[in-house]
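Visitor: Hi! I'm new to this one, could you walk me through it?
Guide: Happy to. Let's bring it up and start with a term we'll need.

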Amino acid sequence: MPGLGKKYDIQIEVISKPKADYSTDEYFDLDLPVAPAVMVGDEIVIEGEDIPQYDIEASICKHLSLPIPKKEEKGFLGKLFKQ
C-alpha cells in the first residue's frame, strides 16, 4: 500500500490494533469498518476480508477521477496465455 501512496501522491494511513479493540463499543461509535478493511476517502471498499491490490488501486483511481489501469495477469499461466 505505501507504493500506491507514492504512485498516486495520496496519503495512506494504516491502523493496526489488537483484534479485541475492534469489537469494543468505543470502536463502533467511531463508525469505522470491521477489520481488516480498506477505505478510500469516506467509501468503504472492503470490510472483514482481504482485498487484492488491483481492487485497491482501481478504487483509488476512481476516487481521484483517473482512468482505471488494466488488470495484469500474473503468474505462470498469465504469462503463458498472454496475447
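Guide: A residue is called exposed when its relative accessible area is over 50%, and buried when it is under 20%. Keep in mind that this is a predicted model.

Visitor: Okay, so is lysine 7 buried or exposed?
Guide: Lysine 7 is exposed, because its relative accessible area is 55%.

Visitor: Which residue does lysine 7 form a salt bridge with?
Guide: With glutamate 57; the closest N and O atoms are 2.7 Å apart.

Visitor: And what does that pair tie together?
Guide: Lysine 7 sits in helix α1 (residues 2-7) and glutamate 57 in helix α3 (residues 53-63), so the pair links parts that are 50 residues apart in sequence. Glutamate 57 counts as buried, at 9% relative accessibility.

Visitor: How many salt bridges does the count come to?
Guide: The count comes to 1 salt bridge.

Visitor: Switching topic: which residues are in the largest nonpolar core?
Guide: That core has 9 residues: Leu4, Tyr8, Val38, Val40, Ile46, Ile51, Ile56, Ile60 and Cys61.

Visitor: Which element gives the most to this core?
Guide: Helix α3 does, with 3 residues. Both β1 (37-40) and α3 supply at least two residues each.

Visitor: What is isoleucine 46 in contact with, leaving aside its neighbours within four places in sequence?
Guide: With those neighbours set aside, isoleucine 46 is in contact with Pro36, Ala37, Val38 and Ile51.

Visitor: What about the surface? Which residues form a nonpolar patch there?
Guide: Leu30, Leu32, Met39 and Ile44 do, and together they have about 330 Å² of accessible area. Isoleucine 44 belongs to strand β2 (residues 43-47), and at 38% relative accessibility isoleucine 44 counts as partly exposed.

Visitor: Now the aromatics. How many aromatic pairs are found in the whole structure?
Guide: The search finds 2 aromatic pairs. In one of them, the ring centres of tyrosine 22 and tyrosine 27 are 5.0 Å apart with the planes at 85°, so this pair is edge-to-face.

Visitor: Are those two tyrosines buried or exposed?
Guide: Tyrosine 22 and tyrosine 27 are both buried, with tyrosine 27 at a relative accessible area of 7%.

Visitor: What does tyrosine 27 form with phenylalanine 28?
Guide: An edge-to-face aromatic pair, 6.4 Å centre to centre with 75° between the planes. Phenylalanine 28 counts as partly exposed, at 48% relative accessibility.

Visitor: Which residues form the aromatic cluster, then?
Guide: Tyr22, Tyr27 and Phe28 form one aromatic cluster.

Methods:
Residues are numbered from 1 along each chain as its sequence is written. This is a predicted model: local features need pLDDT of at least 70, side-chain atom pairs count only at pLDDT 80 or more; totals for chains, interfaces and linings use all residues. Side-chain values use heavy atoms; hydrogens and water are left out. A salt bridge is a side-chain nitrogen of Lys or Arg within 4 Å of a carboxyl oxygen of Asp or Glu. Helices (H or I, at least four residues) and strands (E, at least two) are DSSP runs, numbered from the N terminus. Buried means under 20% relative accessible area, exposed over 50%, partly exposed in between (1.4 Å probe, protein chains only). A nonpolar core is a set of buried Ala, Val, Leu, Ile, Met, Phe, Trp, Tyr and Cys residues joined through side-chain atoms within 4.5 Å. Contact means heavy atoms within 4.5 Å. Patches are made of residues with over 30% relative accessible area and no salt bridge: like charges are joined within 9 Å, nonpolar side chains (Val, Leu, Ile, Met, Phe, Trp, Tyr) within 5 Å. Accessible areas come from the Shrake-Rupley method with a 1.4 Å probe; for residues, only the protein chains shown count as cover. Rings of Phe, Tyr and Trp (its six-membered ring) pair if their centres lie within 6.5 Å; planes under 30 degrees apart count as stacked, over 60 as edge-to-face and the rest as tilted.
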